[in-house]
Amino acid sequence: MKRSLSRMLIVALALALVVPVLFMGQAPAADDVKIALVAPLSGRWARQGQLKKMGADMAIEEINGQGGIKALGGARIVLREADAGDSVEKAVSAAQRVLTREKISAGIGSWLSSFTLGVTEVAERLQVPWLSLSYADSITERGFKYTFQTSPVSSLQAEQALDLVTDLAKKNNRPIKKAGIVGDNTAASMFFYKPLREKLLAAKGIELVVDDVWTPPLADATAIVQKLRSTQPDIVFYGATNFPDSIQVLQKIKEFSVKSPIQGVGAWLVTPEYVKTVGKDTLDNIQTVVAAHPMKGQEELVKKFKQRTGEPFMTQDPLCTYAHVWLIKEAIEQAKSADPKAIRDALAKIDISSGPAVSAFYPPRVRFDERGRRIGATPLIVQWQDGEPYTVVPIAVATRPIAWHR
Amino acid sequence: MPSRARGWIAIIVVVAVGLAASFVVQERYHHRVLTLVFLWASMGLAWNIISGYAGQISFGHQAFFGIGAYVTVLLVVKLGLTPWLGMIAAVAAAVLAAVLIGLPTFRLAGIYFGLATLAYPLILRIVMDWLGYQEVAIPMKREHLGWFMQFSEPRSFDLVALGVLAGSLALSYRIETSRLGYWLRAIRENEQAAEAMGADSFRCKMAAYMLSAVPAAVAGAVYIHAILFIVTPEAVFGLLVISQTLVVCLVGGTGTMWGPVIGAAVMVPVSEILDTTVGDSLPGIQGVVYGAALILIILFAPEGLYWGVLQRFRARRSRGAEGVRAAPIVVAQPPAHPGAATGDVLLDVRGISKAFLGLQALSDVSFDVKEREILGVIGPNGAGKTTLFNVLNGFLVPDHGEVRFRGQTVTGLLPSALCRRGVGRTFQVVRTFPHLTVLENVMVGAFAREAAVDRARARAASALQDVSLADRAEALPGGLTTLELRLMELARCLATSPRLVLLDEPLAGLSADGVDVMITMIRRVRATGMTVVIIEHTMQALLKLADRLVVLDQGRRLAEGPPGRVTQDRAVIEAYLGKRWLARAGAPAC
């Protein structure tokens, strides 16, 4: 009896290993252009990876629908996605796999900056151009030739965001004198707080009255929120990237009726999950700094995205990936080749300011400096209004006017 | 072929296979898988030193892995120092960390030790966050790629990782075949028995911990340069590192250097194959299948593949050859008139008291033991006999009083130190090292006198010869009879070359024949010049054996003297022997 059970288990294991191989994707036609997307498709950050894939799929469908890449006689683009999982090891592994298994012209990814750091190292060694929306300064500080960063880097984001909000506050006759920093110690948040603490706030004569940083998960938000209530900063830089932590803090803020404006530091604060969990009232007027968000004039794009995916709104992750695919397409058109080195050279020289390839970026112009950073990249400020995030700053591309705080 | 040479040859074969694989494999990604196999095997070997050999389960071994990674990378970033040299600093830092962690943590035993070790990588993660090292990328050194371990040729990483594996295997094998290795295994199997046989368990564990930090740190440093290219606290101090290490060790088998190698060779490719097949088409499912595979392997070979296969192999070989020893144990009588007690005091016990909370186990007990005598300690259950032995061999420190051995105060010395001074003991319930053969059990005792394995083996073999157990040398203790176990424990004790032998109920559970064998054996022990103190319940046997008796009752010394006089003592009769004894044994003497 026991023996036959073991046999069955062996057979089950063997099937589990073999069957999936049979379902592997069919090989594309030889002249297709392959683009890699390395993003977390399983694990903690799977949702972000899925969103990125939605953006990429949409762009590819558009490009192929319009006749593919003209310079290559209408070659189609196909996406090769690889699961970055939830560790750097898996991410790097996925990159190595996808880049060596077949000829990849360019790659996109990998959402978390530590993943991007590892993945771009592989791309650099294999000489495949790589586009990333990650913020970390270090990504383009290593002297890499194949890495292109379209988002404003963290250190600049802090400076630019502070300029934007102080300016805004002054216009609303509520000048900022006291600021708070509240959030977890994940890399992206820490890179944002650091310049604020070290020089930026002092340079503007702003006093830092609360500085509370924790390692997720947060046990209890009461003490932190009480501090906010007693010190009443004129702005709170908020970096609770971990969803459960953030929910806890926001609910306490509501409960204690803290009036200080909340200024988030990343796109994690504008996901549909927030509306579902805390409700739109709690979110109202909360704003955050992001690298990309739908701007004025992109209503058609957003509508199409919502129809395709059933998502309530479009955010940074699908938008950037959408634009990245288009950007690669433009580079291939200019290079007239699907060779990764030629595409890299084209990206290094590219200067475009119209079309879907610049749709995700502000200002809407794509040029890269010698490090691979987009020249002039500026963050946007997005604000929750009636359960939806709208671009409110800069005013030129705002989809709604900013609602200043009570 | 001597078994030692066989081990080195096996290591060379493994390295040769690794080398061959590295030259057969062409694709960059496959090289990466190979590198991962070598590195996780090395990390598993590191863990195996402290948790496999020494049995101190560490859930925080990624602390050393992370220290290795961070120290080398920070030296590259801050000082431009090549990782080849940086690794030396990293190893030094990891060994220092092992000392700092071990000093407080080895005070905890068993699972408490394991739980406490969990804390250290968590602390290090927080420290790295606080220092601002959330993501440290390695700067690319295009001019000196090899000097900075940044090869463009993926095979080079295989070779570096294979070097780490070869080093870890060599270190493991050196430990396995050394006194430290035997001591560690003895500590794992029964820490008190090991300590009583002269193994200073704290020092042994600390040595193992420090040694195990070395491959972990090197593996961490190479892992960052070959695999991740960046270092984050999560990636090197995180739970994934220790869970991968545990998977490799548990699947392959612990307590042997082949376990982690087998585990890594199986599980790393399985995980990667799953990632490339199901993982890419159905993201997330690879984790489920991997978990199922893990459960299956653990169901089939709960002790790991190595031991599972070995057991089947051994079972097949020994089938039919399941012989039981033919002849009963016969022991020659010692010379008729052995050298009796000389009158010199060997052990002097003065006013020993020991209380456990409210219970006064011993109060003000004094007696002495003369050279070459056999002293019996008797008393009813709970009289404090075993507590007395535990004080005499150092397991317990008395609250008051003093023990002098050969004229020197030994109160408060560790059992291992007392053993080396010449105090040997056996236990009321035989304490074996169950996974060591009979010969190896006795070797653990022999190591108290011999550092060299070959000489310890010879000494152990001769001790087994002395107790007529030579033919059982290769058996495991589990297959021995009670008498054989008692004899084995006696041989283990004798192998430490004691001046004084403390025997805790050596006759308990023996048949009448067995009692005779044991009594003869104890007489022979004395005949070779040793002094014996016996705890025994069996009064009749003790009357035949002992030169003098000490009677304990409720922690007090009730009487002391030659058996004839003690058994006539009214207090002894009332407390211990009972009125019937008086009627039966006492009558003729009146």
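**Exercise 1. Work out how strand 3 of chain A sits among its neighbours.**

*Solution.* Start with strand 1 (residues 33-39) of chain A: four bridges join it to strand 3 of chain A, and the two run parallel. Strands here are DSSP runs (E, at least two residues), as helices are (H or I, at least four), numbered from the N terminus; two strands pair if DSSP finds at least two bridges between them. This is a predicted model, in which local features need pLDDT of at least 70, side-chain atom pairs count only at pLDDT 80 or more, and totals for chains, interfaces and linings use all residues. Residues are numbered from 1 along each chain as its sequence is written, and chains are lettered from A and ligands numbered from 1 in the order in which they are written.

Next, find a partner: A:Val38 bridges to A:Gly109 in strand 3. Then turn to strand 4 (residues 130-132) of chain A, which pairs with strand 3 in the parallel sense over two bridges. There, A:Gly107 has A:Trp130 as its bridge partner.

**Exercise 2. Are the residues on both faces of strand 3 of chain A buried or exposed?**

*Solution.* Take one side of strand 3 (residues 106-109): A:Ala106 and A:Ile108 are buried. Buried means 20 or more other C-beta atoms within 10 Å of the residue's own, exposed 12 or fewer, and partly exposed in between, with C-beta atoms placed from the backbone.

**Exercise 3. Find what follows helix 9 of chain A.**

*Solution.* Go to helix 9 (residues 272-283) of chain A. Just after helix 9, A:Asn285 takes a positive phi of about 75 degrees.

Methods:
Expected span 1.5 Å × (residues − 1).
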